[in-house]
Protein chains: 2
Amino acid sequence: MKQRIYIHDVAVRDGFQIEREFIPTETKVALIDELSKTGLAKIEVASFVSAKAIPNMRDAEQVLSLIERVPGVIYSVLAPNLRGVERAMQCHVDEINLFCSASESHNRANVNRAVAQSLQGFGEIMQALSGSDLKVNGNISTAFGCPFEGAVAPGKVFALVDQFLELGFDGVTIADTTGMANPKQVRELMTEIAKRCAEVELTLHFHNTRGMGLANVLAGLDAGVMRYDAALGGLGGCPFAPGASGNICTEDLVHMLESMGYDTGVNLDRLLKAAGKISGIVGHDVPGQVLKAGKSTDLHTLDSVASSAG
Amino acid sequence: MKQRIYIHDVAVRDGFQIEREFIPTETKVALIDELSKTGLAKIEVASFVSAKAIPNMRDAEQVLSLIERVPGVIYSVLAPNLRGVERAMQCHVDEINLFCSASESHNRANVNRAVAQSLQGFGEIMQALSGSDLKVNGNISTAFGCPFEGAVAPGKVFALVDQFLELGFDGVTIADTTGMANPKQVRELMTEIAKRCAEVELTLHFHNTRGMGLANVLAGLDAGVMRYDAALGGLGGCPFAPGASGNICTEDLVHMLESMGYDTGVNLDRLLKAAGKISGIVGHDVPGQVLKAGKSTDLHTLDSVASSAG
């Protein structure tokens with residue numbers, strides 16, 4: 001029996017949110033519908049933030065009203081506060097993703113709140129959700145390092161995990177928001193967090209900002225983590241690193257995991273077909289490698305060979 | 001005590017050899033001289049191949065006559081045959097890198113010989129070198145997969161390793177020539193090869209063609225391998241994957257290893273300074289990430305922040 005690994009695509013949310021040009025609603029819906037048929041476990045389809053702050057997410061309600069849901073796929077949305085959650089509750093959503101940062105200055109920069117205020121807000125949200133069958137996932141941003149403060153003490157992350165569990169969240173995502181994590185750190189931190197999260201779904205969210213994304217996944221696998229966020233084409237990015245890679249690339253991740261004998265449940269050829277459209281949708285090149293190089297099982301003929309070793 | 005990892009830069013050879021424009025000799029020499037002062041353990045500075053086959057390596061002798069050698073740095077060259085070795089012996093070279101492929105069709109495409117003929121040639125070369133203090137490294141190309149044949153039986157690689165050891169080589173490099181290796185395969189193959197190579201220097205040579213390069217390094221570290229080839233800027237490439245990444249990127253590799261607490265002996269800031277020149281030298285963008293994103297220890301101020309999580 002192959003071990004199952006669960007893949008969550010966040011391109012439509014974490015990827016599109018930083019694109020300058022508005023991605024038309026029908027393009028988002030068509031992409032989500034195509035992704036729904038690839039075997040992905042979860043798709044993050046929208047963010048209920050202010051349209052002023054993130055113009056590309058202004059059509060969240062429309063996207064959710066137009067997509068064709070495939071049974072078994074979790075359709076997840078991001079919400080920064082109770083207002084966003086209330087909007088999400090009016091739509092057909094499977095899971096709400098709440099977030100706060102492990103570092104105060106990032107949380108302040110991101111949602112203009114102290115971490116304690118974010119946690120208080122989560123308590124109010126959980127009250128508002130009581131009786132609902134909506135799943136709630138809590139995302140800890142900057143868990144492996146903060147672009148303003150640098151190193152983040154593991155104790156801060158553990159404390160947030162514990163508070164998320166006390167709040168009754170169904171899942172916890174540990175996020176390397178700006179691509180600062182290294183594999184040694186991932187192994188150590190996640191081995192401890194995996195113990196605490198034995199009863200909930202534990203997800204890792206990596207960015208490939210400094211090229212360590214898939215190495216960090218390998219470290220996450222060693223720590224027993226079975227769920228990974230990734231973005232089609234490697235979309236996404238970091239405001240501090242223009243031109244750098246974004247989220248780890250969904251098709252490169254699936255390609256690596258399947259090569260290693262894991263069962264991602266994803267049809268890689270279908271996923272690559274969808275990934276092939278991303279560059280046209282966003283109007284620029286994307287970092288994904290397998291799309292350019294082909295799968296490692298793709299064979300070549302002898303007629304196009306440059307000589308010399310390597 | 002931090003564990004030492006040895007970094008070999010191959011940009012001037014494996015990187016420049018596929019560039020269309022001739023890189024001027026003085027540019028190569030200046031880059032090698034700059035790399036010599038970064039703390040790299042080895043620099044592959046030239047290839048003694050036919051100028052017709054690889055025009056960018058036609059100045060091998062001049063490069064070797066002009067560089068300023070730094071004590072402790074190994075200056076290595078590639079040689080495809082006895083003729084190349086004889087040319088190298090006329091220069092001041094520390095190490096000759098011989099190569100053959102683990103797959104017949106790749107060896108045929110690369111050097112127009114059967115693997116057995118390559119091995120016979122190596123015997124002749126070792127005779128020609130007897131009495132010389134030149135070190136010899138043997139490189140096994142396509143060890144993790146062949147672009148023509150697909151999977152390569154581990155037994156073929158083990159047999160070549162054994163033959164390299166019998167030939168008296170000082171070092172063995174296991175190369176993933178076209179970026180087909182996955183981390184599980186690397187762990188398994190290299191755990192076995194590391195046992196066989198306990199008495200010689202064992203190096204891994206990865207390409208990031210499908211995004212798995214640094215994940216494969218992590219797997220190599222798990223198998224106990226302490227030496228890695230890489231190319232500044234992530235130069236290099238694969239004739240079958242135009243636009244795809246080349247060799248793993250030296251500065252990204254050093255950044256990851258130092259972040260993990262390894263001692264690479266390399267001054268990352270100096271290396272990044274050299275890496276910053278590569279794009280100008282080759283006249284196109286290069287895949288290295290840390291150059292674009294900065295080191296994970298580089299902090300930012302709060303004034304340039306886009307909101308929303310991730």
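Helices here are DSSP runs of H or I with at least four residues, and strands are E runs of at least two, both numbered from the N terminus. With that in mind, begin by selecting chain A of this predicted model and colouring it by secondary structure, which shows 12 helices and eight strands.

Keep the whole of chain A selected and turn to its overall dimensions. Its C-alpha atoms fill a box of roughly 65 × 40 × 40 Å along the principal axes. The radius of gyration of chain A is 19 Å, which agrees with the value near 19 Å that a compact globule of 310 residues would have. Buried residues make up 56% of the 310 residues in chain A, and, among contacts in chain A with a separation of 6 or more, 73% join residues 24 or more positions apart.

Next, select A:Leu253 and B:Leu253, the residues that touch the most other members of the largest nonpolar core, which has 201 residues. Centre the view on A:Leu253 and display A:Ile7, A:Leu214, A:Val217, A:Tyr228, A:Ala230 and A:Ile248, all of which A:Leu253 touches when residues up to four places away in sequence are left out.

Finally, bring both chains into view and select the residues between them, where 64 residues of chain A are in contact with 65 residues of chain B. On the chain A side, at least two residues each come from helix 5 (104–111), strand 5 (135–141), helix 8 (183–196), helix 9 (213–222), helix 10 (250–259) and helix 12 (290–293). Colouring this side of chain A by residue class separates 32 nonpolar, 27 polar and five charged residues.

Note on methods:
Residues are numbered from 1 along each chain as its sequence is written. Chains are lettered from A and ligands numbered from 1 in the order in which they are written. This is a predicted model: local features need pLDDT of at least 70, side-chain atom pairs count only at pLDDT 80 or more; totals for chains, interfaces and linings use all residues. A nonpolar core is a set of buried Ala, Val, Leu, Ile, Met, Phe, Trp, Tyr and Cys residues joined through C-beta atoms within 7 Å. A residue is buried if 20 or more other C-beta atoms lie within 10 Å of its own, exposed if 12 or fewer, and partly exposed in between; C-beta atoms are placed from the backbone. Two residues are in contact if their C-beta atoms, placed from the backbone, lie within 7 Å. Ala, Val, Leu, Ile, Met, Phe, Trp, Tyr, Cys and Pro count as nonpolar, Asp, Glu, Lys and Arg as charged, and the others, Gly among them, as polar. The radius of gyration is taken over C-alpha atoms; the globule rule is 2.2 Å times the number of residues to the power 0.38.
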